[in-house]
Amino acid sequence: MSFGKRSANALKPAPSSAPAPKPSAATPPPAQKPAAAPPPSGAPKTPQKPVALKPPPDMERERVHRVDTRSEEYYSTKTTIFNALIDTIDLGQLAQLDAESAREEIRDIVVEIISIKNVVMSISEQEHLLDDICNDVLGYGPLEPLLARDDIADIMVNGADTTYIEVNGKIERTNIRFRDNAQLMNICQRIVSQVGRRVDESSPICDARLLDGSRVNVIAPPLAIDGPTLTIRKFKKDKLRLADLVKFGSISEAGAEILRIIGHSRCNVLISGGTGSGKTTLLNCLTGFIDPTERVITCEDSAELQLQQPHVVRLETRPPNIEGSGEISMRDLVKNCLRMRPERIIVGEVRGPEAFDLLQAMNTGHDGSMGTLHANTPREALSRVESMITMGGFSLPAKTIREMIVGSIDVVVQASRLRDGSRRIMQITEVMGLEGDTIILQDIMKFEVEGEDDDGRVSGRHRGTGIGRPRFWDRASYFNMERDLAKAIDALDT
Ligand SMILES: Nc1ncnc2c1ncn2[C@@H]1O[C@H](COP(=O)(O)OP(=O)(O)OP(=O)(O)O)[C@@H](O)[C@H]1O
Ligand SMILES: [Mg+2]
C-alpha cells in the first residue's frame, strides 16, 4: 500500500505549508526542535520567569539501571533516518490509518530510507530501529520498553533526560532518555488525549489512564520547572494475592488469616498507609473474601481494583473538562451508590467529604464496606476522617463525628513501605469505642522492627498483642468463623 506524499514525491522534503496534524494524531516533533515544549496555538503566552538552573545530577553516586543498551552511534543513525521519515511521510494521512497499517507503512518507508541512504545494519539492528521508530511515531516512544515490563511498579519521568523506575520496592535511575522535552511533551499529549484531555501551558496538570489501566499524572512547564514531568503507576495484570504478601513477609500467615476473617465477616475496614505503601493491593486482597452472592459497588478515581466476584458494579470519577465543568466527584459517586442497592461499597481512596457518606453507608446496613486513605498510623487515619468531614462543610460537633466514626469503622489496617523498599502490614487495629472525647483503639497485631540484616533489609516480626477476643468476635461467630478466629489469634506470635 502507498499513500500521501510518499507515492507522489518519495523521499523529498515536505513543503513547509504541510497541514498541521490534529493534536490527537501521531505528531512527533522534528528532532532538532529546541528543548522546550512548544506553546499551543491560542494558549495565552505567559512571560517566562527567569528560572534557577538545576544543579547537575550526582551521577557518580547513583546506580543507573541500564534499560537501554544502544550506542550513541545508533542514536545518531536513528535521528538521521527519523528526520528523513518525517520529511517523507504525511502525518495527517498516517493518523487516519489503524495502528497495524500505520506500522506497516512506516516500516516500508524506513526500509526504503535505509537502502537509499546506504546505512549498514544487521537484520536485528534494523528490526530494533524499526520498532523504535514506530514507537516514536505511533506509541509512547522511549517509554514503550518500560511499559512492556510487568516488574516495574512506577515510572517517573522528570524531563527528557531523567527517568526513574521502581523495581522490587527500590527507586532506580534508568538510562532511558527522550530526544528533547518537545518529544516528551508530545508523548504526554498523546497519552492524555486518549481520555479526551489536553495538557499544555494553559492547563498544565492532567490525570489520565493508559489503555492497559495504568494511572498517569502529567505536570508540564511552567509549573514543572525542569521539563514535563510524567508519573505512571503501572497497572499490574496479575494482582498480588494475600498468599503472595505472606510469601514476601508483608504479613504473617496468622495475620493473613485474621484479614481473611475480617473480610469475610463483613467488618467495615479502612486501609491506611503512605503513598505507594500497598493500600490498593491490600484492598484488592480483602475484596477477595467477599461472598460471590453479594452485590458490590466500587468507586475509584482510576479503576484499579480487580474483584473476582460476578456481581460487581464499577464506577469511576470524572475530572472537569477543559472549560472546568462536568466534574463527577467521589462524593457524587458514593451518594449515588446508596441508591443502587449495594450490599458493600468499596471506595478506592477516601480523600474528601465522601468520608461522611461512606461512614453513613457503613452504619446503615452496608456492612463490609471498605476504603483506603493516606495516613501513617491508624489513629491518624481516624483523625483524617474527622477532618475530611469537618472540612467538607458538615457543621457537626467533633463528638458527633467521633461517635459516627466509632459506630461505623470496625478495623483499620495500616500498610507501610519501609526504608529498604519492602511493604509491610504494620498494624491490624480495632476501633473499640469512645471514652469521653477520645477514640479507643486496640491493636490485634503489630509488626515490630528488630533491625537490619547484612543486605540492608529490615528484619522484624509480626506479633500478636495478647488480645484473646477481638471486638469483632461476635461478628465472626455470626459468620461461623469463631473457631478459625480463635485458631488464628492463638497462632499469632506474641
Ligand atoms: N506487600 C507488597 N509486596 C511487594 N509489592 C507490593 C506489595 N504491596 C503492593 N506492592 C506493589 O507496590 C506498588 C504500589 O502498590 P499500591 O498501588 O497498592 O499502593 P498504594 O498505597 O495504593 O499507592 P497510592 O498511594 O499511589 O494509591 C504496586 O506495584 C504493587 O504491586
Ligand atoms: Mg492506591
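**Entry 1: Leucine 315**

I began with leucine 315, which counts as buried because it has 20 C-beta neighbours inside 10 Å. Buried here asks for 20 or more other C-beta atoms within 10 Å of a residue's own, exposed for 12 or fewer, and partly exposed lies in between, with C-beta atoms placed from the backbone.

A note to myself on the basis: this is a predicted model, where local features need pLDDT of at least 70 and side-chain atom pairs count only at pLDDT 80 or more, while totals for chains, interfaces and linings use all residues. Residues are numbered from 1 along each chain as its sequence is written, and chains are lettered from A and ligands numbered from 1 in the order in which they are written.

I found leucine 315 in strand E10. Strands (E, at least two residues) and helices (H or I, at least four) are DSSP runs, numbered from the N terminus. Which residues does leucine 315 touch, not counting those up to four places away in sequence? They are Ile297, Thr298, Cys299 and Leu333; contact is C-beta atoms, placed from the backbone, within 7 Å. I also looked up valine 347: it is 32 residues from leucine 315 in sequence, and their C-alpha atoms are 9.6 Å apart.

**Entry 2: The sheet**

Next I followed E10 into its sheet, an open one of 9 strands with mixed pairing, in the order E10-E9-E11-E12-E8-E13-E14-E15-E16. Strands pair if DSSP finds at least two bridges between them. E10 (312-316) and E16 (458-464) are the edge strands with a single partner each, so one side of each has no neighbour in the sheet.

I then checked E8 (residues 269-273) and E12 (residues 370-374), which run parallel and are joined by 5 bridges. Serine 272 has leucine 373 in E12 as its bridge partner.

**Entry 3: Helix H14**

Helix H14 (residues 398-408) came next; it lies across E14 (423-435) and E15 (438-452), at about 120° to E14. Angles run from 0 to 180 degrees between N-to-C directions, and axes are lines fitted to C-alpha atoms, for helices over the stretch in contact.

Which residues of H14 are buried? I noted Ile401, Arg402, Met404, Ile405 and Ser408. Seen down the axis of H14, they fall within an arc of 155°, so they line one face of the helix; the arc is that of the directions from the helix axis to the C-beta atoms. Exposed Lys399 and Thr400 sit on the face turned away from that buried side. The cover over the buried residues includes H12 (354-362), H13 (378-391), E14 and E15.

Key:
Two residues are in contact if their C-beta atoms, placed from the backbone, lie within 7 Å.
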